[in-house]
Amino acid sequence: MAMAWVWSGMVIFSFAFALFTGNLDAVSAAALEGAGSAVRLGISMAGVLCLWSGVMEVMNACGLSAGLARAFRPLLRRLLPNASRDSETLAAVSANVSANLLGLGNAATPLGIQAARRMARGCHGAASDELCTLVVLNTASIQLIPATVGSLRAAAGSAAPFDILPAVWLTSVLSVAAGLTAARLLSLPDRRRS
């Protein structure tokens, strides 16, 4: 609700300032141009996201995503020992991490929500350390194929939209390492108290 007031205030202030300075025509033209650009970008992104969602469905049908999720389970059991006791929660977390690895953030979101709901049971309104670790894994996910970023670059006219792969891999690994380290360090005081 507060953000609605912030955005509304920004729009009103912009139009009032444009009216005061005599630039109302320029602001109106920029608003219309921005809206048109947003629609074009949305349509081009929808096509690419449909393509990658279809790829994910093919991977699900042939069992490749399940195999990828199984490959992550030993690591996830070490990171999330309590969540791994429930096979359905571990399956949702594994599938979520696999979808993020493939750069399919939109496909990963429902799986992450399902895993978070299952992990939040018994937390009594406070996030557990493992739930915070899951949020860190989702926020700073390692991506092998940054499908969304590649589609944005392709929509913007890039001749080689995936030439950023080495930089994406390096920053993904560093961000996950930093996030997991921070989550581990911030969870230590709670463990000492208990």
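For the classes used below, Ala, Val, Leu, Ile, Met, Phe, Trp, Tyr, Cys and Pro count as nonpolar, Asp, Glu, Lys and Arg as charged, and the others, Gly among them, as polar. The model is predicted: local features need pLDDT of at least 70, side-chain atom pairs count only at pLDDT 80 or more, and totals for chains, interfaces and linings use all residues. Residues are numbered from 1 along each chain as its sequence is written, and side-chain values use heavy atoms, without hydrogens and water.

**Exercise 1.** Describe the lining of the largest pocket.

Step 1. A pocket is, on a 1 Å grid over the protein atoms alone, an open set of points where a 1.4 Å probe fits, with protein on both sides within 12 Å along at least five of seven lines; lining residues have an atom within 4 Å of a point.
Step 2. Of the 20 lining residues, Pro81, Asn82, Ser128, Asp129 and Glu130 lie nearest the centre of the largest pocket.
Step 3. By class, this lining holds seven nonpolar, five polar and eight charged residues.

**Exercise 2.** Characterise the lining of the second largest pocket.

Step 1. Its lining comprises 15 residues, with Phe72, Leu75, Val97, Leu137 and Ile142 nearest the centre.
Step 2. The division is 11 nonpolar, four polar and no charged.

**Exercise 3.** Determine how many disulfides (pairs of cysteine sulfur atoms within 2.5 Å) there are, and classify the accessibility of cysteine 62 and cysteine 132.

Step 1. The count of disulfides is zero.
Step 2. Exposed means over 50% relative accessible area, buried under 20%, and partly exposed in between (1.4 Å probe, protein chains only).
Step 3. Cysteine 62, at 56%, is therefore exposed, whereas cysteine 132, at 36%, is partly exposed.

Technical notes
Disulfide = S-S within 2.5 Å.
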